[in-house]
Amino acid sequence: MAENSIDPEKWVDRYADYLFNYTIVRVNDREVANDIVSETFLAGLNSMKNFKGEATERTWLISILKRKIIDHYRRINSNKGQAEVKMNFPDSENEGEWLEEKVLDPSHRNAEDQMENQELGLAILKCMEQLNEKQARIFKMKTIEGLDTETICNELNISPSNLWVIIHRARTTLAQCLEKNWF
Amino acid sequence: MNLKSLLGLNCDEAATACSKAQYKETSLREKLKLRLHLFFCKPCKEYSKKNQKLSLLIKKAKIQTCSEVEKEAYRQRMNNAGSHASKR
């Protein structure tokens, strides 16, 4: 038996959030991200025989996802015709013709921060895979979707004290999982 | 009954109050009891610190996940593809 097995039935439950989060920060459009993620799952299904079990399922799916994201950018670039890059190099006499070129792009300052936050988001989602289904679901509803306690209790038919015990267990697991790299 | 629970909360109750506090759902009464408990109970204080750090990290990460509806759409597309695969 291969070291890592493959089980497409579980893909959506296990990896959809991770893949989605990976994609949305790169394409910045929900609909496009949804398309890319579901194309990734389809491509995975079609090339399951190529899965050698050398990498984990997630790593394998991500490598497909990366190609899909590149494909997406190729496609929108070819729609525009040629991708255009205009550059004016400032010299000592003429520091760029436009005022905009003299002003530092404020997004540069945050680029590193943003990258770290993306990495952090993926680390958290990866750790969430350690939770059992119920814990993950409730933790996600409460923490990421920000639903209030009453709504969750009604929907899942659990008591508030039950909810808090589950949240406590989920948070303990997550804190332990993240402790090594992020605390 | 031990000393800690005499002070208002036992450690399990403190853990719950601590989690509630991460979502700003503690009442004033609970908040005070929790403070008192944490003052005397080192392990709970440690746990509380970690819990706060976790909240901070989650906030910083600005995680975006897909909804159940979107996930169902993925499943649907996979199922359709699966049933057509044999014809291709």
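One definition comes before the first stop: a residue is called buried under 20% relative accessible area, exposed over 50%, and partly exposed in between, using a 1.4 Å probe and protein chains only. The model is predicted, so to speak of a local feature pLDDT must be at least 70, side-chain atom pairs count only at pLDDT 80 or more, and totals for chains, interfaces and linings use all residues. Residues are numbered from 1 along each chain as its sequence is written, chains are lettered from A and ligands numbered from 1 in the order in which they are written, and side-chain values use heavy atoms, with hydrogens and water left out.

**Stop 1: helix α6 of chain A**

Select residues 133-144 of chain A, which form helix α6. Helices are DSSP runs of H or I with at least four residues, strands are runs of E with at least two, and both are numbered from the N terminus. The expected span of a helix is 1.5 Å times one less than its number of residues. For the twelve residues of α6(A) that gives 16 Å, and the end C-alpha atoms are 16 Å apart, which agrees.

Now show A:Asn132, which caps the N-terminal end of α6(A). A side-chain oxygen of A:Asn132 lies 3.1 Å from the backbone nitrogen of A:Lys134. Just after the helix, A:Gly146 has a positive phi of about 65 degrees.

Which residues of α6(A) are buried? They are A:Gln135, A:Ala136, A:Ile138, A:Phe139, A:Lys140, A:Met141, A:Lys142 and A:Thr143.

**Stop 2: the disulfide and other cysteines**

Select A:Cys127 and A:Cys177, which are joined by a disulfide with an S to S distance of 1.9 Å. Here a disulfide is a pair of cysteine sulfur atoms within 2.5 Å. The pair links distant parts of the chain, with A:Cys127 in helix α5 (residues 106-128) and A:Cys177 in helix α8 (residues 160-182), 50 residues apart. The structure holds one disulfide over all chains. The torsion about its S-S bond is about -75 degrees, so the disulfide is left-handed.

A:Cys127 is buried at 6% relative accessibility, whereas A:Cys177 is partly exposed at 22%. Select A:Cys153 next: at 8% it counts as buried.

Then move to chain B and select B:Cys41, buried with a relative accessible area of 1%.

**Stop 3**

A salt bridge is a side-chain nitrogen of Lys or Arg within 4 Å of a carboxyl oxygen of Asp or Glu. The structure holds 15 of them over all chains.

Select A:Asp71 and A:Arg74, a salt bridge whose closest N and O atoms are 4.0 Å apart. Both residues lie in helix α3 (residues 57-79) of chain A, three residues apart, about one turn of the helix. A:Asp71 is partly exposed at 34%, and A:Arg74 is exposed at 57%.

Next, select A:Arg137 and A:Glu155, again a salt bridge with closest N and O atoms 4.0 Å apart. This pair links distant parts of the chain: A:Arg137 is in α6 and A:Glu155 in helix α7 (residues 149-156), 18 residues apart. A:Arg137 is partly exposed at 39%, while A:Glu155 is exposed at 52%.

**Stop 4: between the chains**

Select B:Glu25 and A:Lys142, whose side chains meet in a salt bridge at 2.6 Å, N to O. The pair crosses between chains, from the loop between α2 (11-22) and α3 (28-40) of chain B to helix α6 of chain A. B:Glu25 is partly exposed at 31%, but A:Lys142 is buried at 4%. Salt bridges that share partners also join A:Asp17, A:Lys140, A:Glu145 and B:Lys71 into one network.

Finally, show the whole contact, meaning heavy atoms within 4.5 Å. How many residues does each chain bring to the contact? Chain A brings 42 residues and chain B brings 30 residues.

Definitions and conventions
A polar contact is a pair of N or O atoms within 3.5 Å; within protein, one must be able to donate a hydrogen and the other to accept it, and residues adjacent in sequence count only if both atoms are side-chain atoms.
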